[in-house]
Amino acid sequence: MAKQAFLEGNRLLAARDYAAAAACYRAAVTSELGALPAWVNLGLALTELGDTAEAERCYRVALQLDPRRVETLTNLSDLLLRQKRFADAESACRQAIAAAPDAAAGAANYGVLLACMGWDAEAERSLRRAIELDPAYGKARFHLSCLLLQQGRWEEGWRQFEYRNPQAGATTALPMPDLPRWQGEPLTGKSLLVLPEQGYGDEIQFCRYLPLLKQRGLQRLTVICKPRLKTLFAALPGVDAVVAAGEPLPAASFDCLTYPMSCPLHFGTTPATIPATLPYLTVAPEAVAHWRAQLADAFAVGLVWQGNRRHENDADRSLPAAALAHLLAVPEIQFVSAQKAWCGPAAGEPAALQAVLPLAADLEDFADTAALIMALDLVISVDTAVAHLAGALGKPCWLLLPAYKTDWRWLTARSDSPWYPGVMRLFRQQRGEEWSAVTAWVAAAFAVARAQWHNNHASN
């Protein structure tokens, strides 16, 4: 009975039904107290459900049964790192390495921890050690790629980045067509299928490569994307068909497939050779006029202060609404919410934000969002898809970046982005700094931008 419950829990865990999986594992450990794997997997399911205290208890029980089990120690270190309990996480990592010095998992987890703590050189050594122990260990290669890409070491970084999971974080798994991956070989006369990437922002940032693919002589280029991107991507030059994930594919044969974020590798992209001609996404003028008619004759600024709560670093990259007070205090601005539920929840907004024009409520997809952005003068956003959309449209965007786990694509210590030259300005939080200090800095720059708008508007 316990074995059946355990196996069913494994099936449900793989299907991402974490609540049902947890119930099965509870039945397994209740029926057979010594079922070590059930305790470990119950900890995994509870971690995904956000019950960190109970998940830690499960791992501690498992360690009482076997104090040297590497899987338990690495899972525990992951859990502790999520809570920023760095000293406890390091202790678990060191125990895992001591228990199995030749296991790649221990070295990889330690490398991830060191990277989160800002010890990049040490993190790289630990991750490379994990790869030496197991060259096929994808976790180590992926996290090494993030370090390399953030440092601008893109030749190796893109190669290692191929070990990512393109569907990480997706709510439903996309069926994988039985096609070979494009490896950069000539495409003349071929038919290529492009599959969706991890998040909305990933697809928006890297769809710039789709027209370049067609220029390599493709006979047919078919793109699968998330449903809310379909209308926006349909206007990309060179794309023969855009299919929303879940829709049937056209009745056509394909020679190979790829993902948008694999294109930089095959195009040999470096920070100096990014295809960064802006805009590379367009919006119908009448759609822009619809939104502009709803705005006052004032400097109009779109705000996005929260990201997707399922994102692993959402607690650090999303702003508490109180941190927006500095911005909202700047006079003679029409603030507009570009905060859509599928970009990041806007529910439960405090009274301070009630003066922000809630146009986001009428946005149906990213084509609508793009039209709204084009009606604005400036977008201020945390690291979300809306920031990428503004950049792709060539609209000025001020991006607020967290100090903890800053995403690799924004490189290091820059106040601009080569991905969106001339339109993207980066405001970086410093370690230990509250978001209110960053927004005060933004507000000072904001006042200058408003004055410039008034001067330009008066001259016209």
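Me: In which helix do Trp154 and Trp158 both lie?
Reply: This is a predicted model, in which local features need pLDDT of at least 70, side-chain atom pairs count only at pLDDT 80 or more, and totals for chains, interfaces and linings use all residues. Residues are numbered from 1 along each chain as its sequence is written, and side-chain values use heavy atoms, with hydrogens and water left out. Helices are DSSP runs (H or I, at least four residues), numbered from the N terminus. Trp154 and Trp158 are four residues apart, about one turn of the helix, and both belong to helix 10 (residues 154–161).

Me: Are Trp154 and Trp158 buried or exposed?
Reply: Buried denotes under 20% relative accessible area and exposed over 50%, with partly exposed in between (1.4 Å probe, protein chains only). By this criterion, both Trp154 and Trp158 are buried.

Me: How many aromatic pairs does a search of the whole structure find?
Reply: Rings of Phe, Tyr and Trp (its six-membered ring) pair if their centres lie within 6.5 Å; planes under 30 degrees apart count as stacked, over 60 as edge-to-face and the rest as tilted. The search of the whole structure gives a total of 19.

Me: Why is the pair of Trp154 and Trp158 edge-to-face?
Reply: The ring centres of Trp154 and Trp158 are 5.3 Å apart. Their planes stand at 65°, so the pair is edge-to-face.

Me: The charged end of which residue sits over the ring of Tyr420?
Reply: A charge sits over a ring if NZ of Lys or CZ of Arg is within 6 Å of the ring centre and within 35 degrees of the ring normal. Over Tyr420, 5.1 Å from the ring centre, sits the charged end of Arg208.

Me: Over the ring of which residue does the charged end of Arg425 sit?
Reply: The charged end of Arg425 is 5.4 Å from the ring centre. The ring belongs to Trp398.

Terms used: Helices (H or I, at least four residues) and strands (E, at least two) are DSSP runs, numbered from the N terminus.
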